[in-house]
Amino acid sequence: MTSPLPLDPPLPLDPSIAPPGTRDFRDAGGIPADRWRADQNGETLVPTHCCFCGVQCGMYLRVDRAGKVFGVEPRNHDINRMRLCPKGINAYQQVNHPDRLTAPLMRRSRDEEFAEVSWDEALDFTVSEIRRIQGDHGNDAFGVLGGASLFTEKTYLVGKFARVALRTRHVDYNGRLCMVSAAGANKLSFGIDRAANPFSDILLTDCLLIAGSNVGECFPVMTQYLWGARDRGASLIVVDPRETAIARTADVHVALKPGTDSAFFNAVLHVVVAEGLADEAYLAAHTTGWDEVEKAVRAYPPSRAAAVCGVPEEQIVQVARMFAGADKAMAMHARGIEHHSQGVENCLSVINLCVATGNLGRPGAGYGTLTGQGNGQGGREHGQKSDLLPGGRSITDDEHRRQICRIWGIEESDLPLAGTSMMEMVWQMQRREIRGLIGICNNPFVSLPNYRTVKEGYDTLEFHAQFDFFLSETAAAAHVVLPVTVWAEDEGVMANAEARVIKHNKAQEPPPGVRTDTWVMCEIARRLGHGDTFDFPGSREVFEELRIASAGTVNDYYGITYERLEETGGIAWPCPATDHPGTPRLFEDGRTAHPDGKIHLQVVEWHAPMDPYSEEYPLSLTTGRTVAHFLSGNQTRRLGALVEQTPRPWVEVHPSHGFRDGDPVRVVTRRGSLVLPALVTEAIRPDTVFVPYHWPMPTAANGLTLDALDPRSKIPEYKVCAARIESAAQVTEVPAPPTAPGHEAYPETQASRTDPRPPTSPQGRGTAERG
């Protein structure tokens, strides 16, 4: 065996020199090693979980002798097994970030500049405005918008605060923009809203179907489960208009046209029925509605769906045989099929396929949704959603209303009726039906569709208060901004994507002048005369009331305690007693949460997206996340390594359009236009363009998107609208995040924002390199 030849010339060792073709790649992530130090003596490791996505990876926060968080270590929790993604590794940096808000900001008119004021002055003004608006226009003239990144205790408190302290029906949350389509489908089919299987079941499946989920970027640590399944021979099907990193490794990648998902899944089920692959015994024993579903899918032969979806007929047949032919198959999906005006139907069509093939309630066989926000599951379970009360109770059910009124100690007549969804509330702001608003843990100026409508709605408000720890784009337009804690400065629970309730622990005291969301809501309630029903010193006391409020419901947390969570690492609900192990896998006994115990299959009919294509707008615009950033970017756009990795948005275009990487491209829809650098890639359909949505105007993807809603879930149709692209002169510069008076944008995190080129590591197969 010959020895390897020496390199000529040798690879340079000078960190300022890089081999040809690698310099841009390396510099995109910075060279941080010479700035990082691990020389803290006497540090403490606080076990907790990441604040970002619904995987909820375990981590240790490193705390120095002064009690300050200064670093992170991965934790060998069985969710993530020592793995963290780029966001998780950098999350700790927000705790003591120089952009943190540390004093209330206030102005009595938007014509004024913000000034730092005392808590008393800010809360007195807030309470006086609540009283003025409700006194003049009624209780429902004031609204509350919560968030699905809050601890579950706080989401419980948001719903109670709105309905008891403000006595308004108008309360909703930003999970309305996340997975409410899946929630609606789950309730219709199963009578319960959560994933049916734990993550560990992925390792046992023989066929895994992933629809509308860019797992590699949005849930990076989840890939360990996919690779584990693949290692033992499982086949992988990915349904996505883009060839994402996961799609590139799949046995079958169905690159369908955006907005055609239910037509595709109906056609797959058509083949299952036509070829005798349905599990008729399972259907007869466990379902209702199968005859109607079977009849409906006869109208979706592969030839029709192929024309609608823009995929080969043979691929539809291949998917049907692969999924139905597996002994154990699982289907999982995310926002890609949920962010549609037919989002509920899309999810139901996946459920129908799983049930028709008998893939439910067994190890390795099942169905689930990957939640985007850290508490996307728990955030909708206990009352901040407009139509739900704690425990997933319906606000329109008389008995459910009586139960909660007894727990809360209020008269039934005082409990408001159902409110409207987050986007509908914005329309009500435009019409001056809602005149005052408190926002908590959300940033609608970036996250809601059709930015101009959103800005008009918020600008019409007579009073607007926002809770946050950084000054978001939405908070920057408010009258009052109340500085609250980050996740590491409080304790509480979240429920991750598998409905496992996990415990976050407090790692440091908040900065002087900062309060918990719990304290702020309780203090406003006390000043409004409801202190007796909001006597909560902290999260533990709220959780104890939540346990009682959820007892006996499908979302039963009664048997879960902080102590048990510390001991076990997490417990899946329902958990009705303190000696109950929890319920990692649903439907093992063949029964659902419907009174008859059956799966209620639903007929699904495909319809075209709400924004029609035309000669002027022939393309599909779709949007999504990228690995370095999270949701509206209010947190991640301030963290240096993440900004360096992905400093700006771009537009992915197919080579057939004739652009080169970095060319300025104007993306135009009926709502407006953006000029972004092109990322030319063969990994997207020629009739589709993609823009990530983490940045504000004038570079916001949601300046272009449509505010059409699913009629049942009220989720906006983010994932498809009609568009065109054209050459432009110059890309638009990305604005710096807003900062409080006296603060300047943190320079180390902003240096790369002015780079006019797309990121150096494209998601798909690029056709050019940065030179």
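Good morning. I begin with a cysteine: C51 is buried, because its relative accessibility is 7% and the cut-off for buried is under 20%. Please keep in mind that the structure before us is a predicted model.

Which cysteine sulfur is closest to that of C51? The closest one belongs to C50, at 4.8 Å, and this is too far for a bond. A disulfide would require the two sulfur atoms to be within 2.5 Å. For those new to the term, a disulfide is a covalent bond between the sulfur atoms of two cysteines. C207 is likewise in no disulfide, since its nearest cysteine sulfur, in C354, is 9.9 Å away. C207 is buried as well, with a relative accessible area of 0%. For the structure as a whole, the number of disulfides is zero.

UniProt, in an unreviewed entry, lists residues 43–99 as "domain: 4Fe-4S Mo/W bis-MGD-type". In the model, this span is 9% helix and 32% strand, and its end C-alpha atoms lie 25 Å apart.

I turn now to charged side chains. Side chains of opposite charge can pair when their charged atoms come close. How many salt bridges does the model contain? The count comes to 48.

One of these salt bridges joins K160 and E545, whose closest N and O atoms are 2.9 Å apart. The pair links distant parts of the chain, for the two residues are 385 residues apart. K160 belongs to helix α4, residues 152–165, while E545 belongs to helix α20, residues 539–550. Are these two partners buried or exposed? Both K160 and E545 are buried.

A second example is the salt bridge between E433 and R431, with the closest N and O atoms 2.7 Å apart. Here E433 counts as partly exposed, because its relative accessibility is 38%. R431 counts as exposed, because its value is 51%, and the cut-off for exposed is over 50%.

K506 is partly exposed, with a relative accessible area of 39%, whereas E509 is exposed, with 52%. Elsewhere, salt bridges that share partners join D120, D124, E523, R526 and R527 into one network.

Let us next consider a residue in a loop. Where does T474 lie? Its place is in the loop between strand β17, residues 463–468, and strand β18, residues 480–483. T474 counts as buried, because its relative accessibility is 0%. The side chain of T474 makes a polar contact with the side chain of N443, at 2.6 Å. Leaving aside neighbours within four places in sequence, T474 is in contact with N443, P444, F445, Y458, H464 and Q466.

As for Y451, it stands 282 residues from E733 in sequence, and the two C-alpha atoms are 18 Å apart in space.

To summarise, the model holds zero disulfides, and its salt bridges number 48. Among them is the pair K160 and E545, which links distant parts of the chain. Thank you for your attention.

Note on methods. Residues numbered from 1 in each chain as written. Predicted model: local features only at pLDDT ≥ 70, side-chain atom pairs only at ≥ 80, totals over all residues. Heavy atoms only, no water. Salt bridge = Lys/Arg side-chain N within 4 Å of Asp/Glu carboxyl O. Helix = DSSP H or I, 4+ residues; strand = E, 2+ residues; numbered from the N terminus. Buried < 20%, exposed > 50% of the residue type's maximum accessible area, 1.4 Å probe, protein only. Polar contact = N/O pair within 3.5 Å; in protein donor to acceptor, adjacent residues only side chain to side chain. Contact = heavy atoms within 4.5 Å. UniProt positions renumbered as here; feature names shortened; annotations may be inferred.
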